[in-house]
Amino acid sequence: MPGKLKVRIVAARDLPVMDRASDLADAFVEVKFGQGVYKTEVFRKSLNPQWNTDWFKFEVDDEELQDEPLQLRVMDYDTYSSHDVIGKLYIDLNPLLWNEGASNISGWFPIYDTMHGVRGEMKVVVSVELFPDLNKFRQSSCGVQFFSTSQVPARHTMSAVLGFVEELVVNDDPEYQWIDKIRTPRASNEARQLLFSKISGQLQRKIGLKVLEIGGNAVLGYWQCFDLEGESGIVVRGIGTAALLQKMDTPLSPTSLSPPKDFYKDVYPFWNFRLPPGSHDNQSETGSYESIGGTAKTWQGGAPPSPTKGVPIRHHGSENDLTGSIGGGSSGSGGHRMSRVMPPLMNTDLLEYPFFTMMSFPADFIAHLAGMVTARSVKLLDKIHNPDEPETRDAWWREIRTEIRSHANAMGCHAVVGYKETTTICDEICVLSASGTAAVVNVALLQRSTNQPSTLTLSLDRTEFVKEQNEATSGSATDGMSDSFHQETGCSLCHVPYKDSTLPFPVTLSKCQICRKHKVPDILITTIEPPVEIQYTGRGCFLQARICRPKKHAQGEINAAQVGDALPFMEYELHRRIINKLKVKGMNALFGLRVQMIVGEELLVGTATGTAVYIAALPPPSTLKLTGKSGTVDEDNKELISLQKRISEAIVKNKEQYNLKTTDQTPEGLTDSPKHSDSQQDVDDLNDSLLGTQYRDTYILEIDDADNKDIADALLERDLPAGFFSCSTEKMPGDLNLTKQVQTLNLVWRQSMKHPTNQNMSRIFETLLQTLCFKLRALSPCCLCSLQFDVALPEDEIVQIWVTGALLAVSDSKATPKKKGSRNSDDADLMFAMEEVSIPQQTQTPVKGLKASSKLDKKLHIKDLSACREVQLTPLPNIPGAQIDEYLGYINIFFIRESTSLIQGGGVNGFMHHFITEVNAMVRSHVAALGGNALVVHAMIDCILMENPHKNQCQCLVNVSGDAVHVQYDSDVTYIGQWGGDSRGSSPRIIPQSGS
């Protein structure tokens, strides 16, 4: 559809001095979109010019509106020489191209220069008018909304989940072109920034076209990543979950599944619809669904239907079976075998890739969780000859996704939830990684019904198909009460969907601790957020394992083979370490697990980060016992006995600290194959009695060399100081009362490591956490949520760690008991406790015009900061104590900053501090210009920091993304970023006017 873009330049302020004679500037603005260019008049001799121009109009296609950013360049006019560049501004127009978004963009934007940073501000008004176009061959995808949030957005209902969508776009990197050798660093950086903006828009447009083809209008859990492959080029990848959403007029729970009665008729009036099984008018002989409060659905009359009965599980058929594929997978990848499916559920078997990038799901959507599945591949980068057809990169990712799908099928599952793809690049080596959680999902709750058949069968005999349908219906009614009990207790999610005899690897299964009927694993490992249906005991905690391996410096296939041989052993070692730590914590499940493998020139680093919890349905963790080379503990080995005692004491301490109230006795016959041995209880009698595992197997850890001793020592890492809690997930499982967000964490930590050992690597992470807690000690009690660590190896013997998270205030005083007269844990290593004192107020000398300072308080007064007119940034999908009332668009900006005076600017620390501050300021300006006051799911990814201390140079690249929203705060809580002057605590929406 054609469109009209209108731009108006209002004014600028705080421009830098460009004329040394007058200490002023002669500024003008160059407005460029596509091939059209406009210029404002030159406003002479002023650092605060006022242009107040008329509308600059561009008539373009909507395809160009999606691909091209609006470019605004502020210049200083010179009569006898070329004009000097003050700075540039890029504005993404995609938030204006969907119906529910903002009507225009208006506000003050920082003027940014890649060499000097922010150089003043400029007020701009942008408006887009779209004209209807019924051309079905158009190449635009206007109307598709992208969400970074990995759950159903607030005030929206999801009526259909349509599957996995992906796309990648490749291009040459301007940094490695021949012209880069003769142009300035500023021109090279601006060329890269412009290219990143263009290919990012192209990627969203292509993914949006796939969503429209399958009948969707939104992409949930959208994840975009830039792969800088050096001379090979740039690859931009995007993945997400296509869905059909509708915005609700009244506030509702994000877990609502029930669409309005006439939703389908209103959205698609030309379809001959019958209402879907999950709608309000759906009735049966035994009962009907009713919506209570517009949120959850309840079954009235009779036994409720089972969400797990009739769920299709893929079985590999013969070569004569019919094949097919639908969905948003890579084009040309072909189909795969499908098994006979059971009606009336949606066929995930028909999807090429039954993946879901969402991390949080509506209630009853997940029927069973099997465990984490992972696939990795090491590739050699080559030149991309045809950027329009990147067949090589597509083939690489098809291999990874096919392997993930086969792993899920082996575990008896037909879907993968919490799916994510990452890459690690070092010179010509590229490591592709994909991970997720194998699960059985109940897509019937979200299935969209049309006049076309909702299911397909591979049998040509219709009578057999009807027979299967009747059997599935009758089975649901007979087992209704049992499944209703499982839904209420939430234990069905932990029930394994497979048989231990069919798995290609050994597994320990036990009876469920709640229903006592179905089997559950001893440990559950997932990549998703903790489901609300599961019953948890106590409180969760942050858990991390890290290892490193030196490697020889090599090139080409030898280097790739060396990396490929080391990765499986590193992943196995990571798994063993984090499982041992989980047992010491006294817990039996991991959520939000993220495994990262980093490749350097002479070093390999692996990290595994997750949130440990105790699930009531799973059995208590087995006892951790240390043995020597002979398999027993000798009385002469005092060191091993002492270590065993410390581990037992740590388990007891963790049980009390995290409030793990487990049962002291386990009924006989609970475990499938218990192996009791009196000789195994002589060392761990105390540990067995406390954890209630005297009827369970003992987990043996052999200590026969120095490496295994390091593993045992790593189990006893220091806990966070008193008053601090942490988790890698967006929500802390447990009884913590999180009231508000205090601030967002963005920290870059660089440290040299001349001796790459596991102990030195663990020491770096421990020091980082302790330093972070020391800086935040005045804000305790608090909780670090969504705590993520991104590791990079930019140079030899240099480890770079990028830490992000959200700091939330904790109001539950019971969770942080403090003894009277006890010293602070931060002062534990000092000879004398530190005290914060201040000079008495009466002894201070008053200064005219200044108020006397109040007495120093150890706690920070957050309410005093709430008067700042500031946009809240948070990595969480929502802000505690606030409600999202409108989504304004997806924000995705790429920044490049370079400095040729590194030492004068405070070194790398000063450079990064200023750069992150400027990035946050520019992101806030884009959110405020859309009429928002918060950016949720705020993420800084693809952080690449390159330093050359010998030439006094440094360069950093950062990609920032998130969802711009407008939130309303609760009346009884005051927050940072709240608009001043509103005593009720809610922030009024500021709608930008096009005529201002």
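**View 1. The largest cavity of a predicted model.** The largest cavity holds about 290 Å³ of space. A cavity is a set of points on a 1 Å grid over the protein atoms alone, where a 1.4 Å probe fits but cannot get out. Its volume is the space filled by probe spheres set on the points, which are joined across faces, edges and corners. This is a predicted model, where local features need pLDDT of at least 70, side-chain atom pairs count only at pLDDT 80 or more, and totals for chains, interfaces and linings use all residues. Residues are numbered from 1 along each chain as its sequence is written, and side-chain values use heavy atoms, without hydrogens or water.

**View 2. The lining of the largest cavity.** The lining has 27 residues, each with an atom within 4 Å of a point. I91, D92, S197, N892 and I893 lie nearest the centre. Among the elements that each supply at least two lining residues are α2 (185–213) and β34 (882–899). Helices (H or I, at least four residues) and strands (E, at least two) are DSSP runs, numbered from the N terminus.

**View 3. An open sheet of four strands.** The order is β33-β35-β36-β34, with mixed pairing. Strands pair if DSSP finds at least two bridges between them. β33 (872–873) and β34 stand at the edges with a single partner strand each, so one side of each lacks a neighbour in the sheet.

**View 4. The pairing of β35 and β36.** Strands β35 (residues 934–948) and β36 (residues 953–969) run antiparallel, joined by eleven bridges. A939 has S961 in β36 as its bridge partner.

Methods
On a 1 Å grid over the protein atoms alone, a cavity is a set of points where a 1.4 Å probe fits but cannot get out, and a pocket is an open set with protein on both sides within 12 Å along at least five of seven lines; lining residues have an atom within 4 Å of a point.
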